[in-house]
Amino acid sequence: AMAPQFPFEIPPKYARLPRLMGRATVECELRLNGSGRAKRGLLTLVLDGYNAPLTAGNFMDLVNKKFYDGMPIQRADGFVVQTGQPKGPAEGFVDPRTKRVRRIPLEVRVTGDRDPYYEATLEDLGIYNQPLQLPFNAMGTMAMAHTDGSPNSASSQFFWLLKDSELTPTGGNVLDGRYGVFGYVVEGADLLTELQVGDKIECMQVISGHQKFVPGDPKAPEVSFEGSS
């Protein structure tokens, strides 16, 4: 059942997907490998389910499942740090019930709107450059990665934005409205600049907000998206 104070209703077609009905805090322990830089570090992440309940809920579900524990950093190019691709052929989290990769819709909430937009980039909707509730505006902004041109292909791969860069100038941000932001690093963000490919997420755990998490309904129909199989 929906918490009465939640600002909007998530479309029923997504009933199968987990959601976060509020905020949660996650601790992420990192291990930096390599000569002369072996050390551990801690990030504190805040997941924002008020503005991105399905995106934050999907991530929290994977944290609870220990999906990211032991996973290496897979990209660190000065713009973003990315991880979340499991070993093996699958590009994301395989739902054991369906034996298929669980995908989530792009979810973007424009400031002043009650409901997020689902499944389409703001560009596709013709409302590019609207102010967003969760913009790419800070070191450590967290968002789901997806295949180019397929905004609803996100599953488990995510990235941290490293800094204000040519990707994210004020008023001309090419990431806003194209990728689903679901949280921010609130402590330890400086560590992100040190991360290299092959460094590891030792473990992630939810330290507050457990009670805001609602698992998906396993009896609900599988979610399918416009223009995808």
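Where is the place of Glu119? Glu119 sits in the loop between strand 9 (117–118) and helix 2 (122–125); helices (H or I, at least four residues) and strands (E, at least two) are DSSP runs, numbered from the N terminus.

## About the model

This is a predicted model, in which local features need pLDDT of at least 70, side-chain atom pairs count only at pLDDT 80 or more, and totals for chains, interfaces and linings use all residues. Residues are numbered from 1 along each chain as its sequence is written, and side-chain values use heavy atoms, with hydrogens and water left out.

## Positive phi angles

Glu119 is not a glycine, yet its phi is positive, about 75 degrees. Lys66, also a residue other than glycine, has a positive phi near 65 degrees. You will find Lys66 in the loop between helix 1 (53–64) and strand 4 (75–76).

## Cavities

The whole structure holds two cavities of 30 Å³ or more. A cavity here is a set of points on a 1 Å grid over the protein atoms alone where a 1.4 Å probe fits but cannot get out, and lining residues have an atom within 4 Å of a point. Grid points are joined across faces, edges and corners, and a volume is the space filled by probe spheres set on the points.

The largest cavity has about 90 Å³ of space. Among its 14 lining residues, Glu107, Val108, Arg109, Leu134 and Val181 lie nearest its centre. The second largest cavity has a volume of about 40 Å³, and its lining includes Thr55, Glu107, Met144 and His146.

Definitions and conventions. On a 1 Å grid over the protein atoms alone, a cavity is a set of points where a 1.4 Å probe fits but cannot get out, and a pocket is an open set with protein on both sides within 12 Å along at least five of seven lines; lining residues have an atom within 4 Å of a point.
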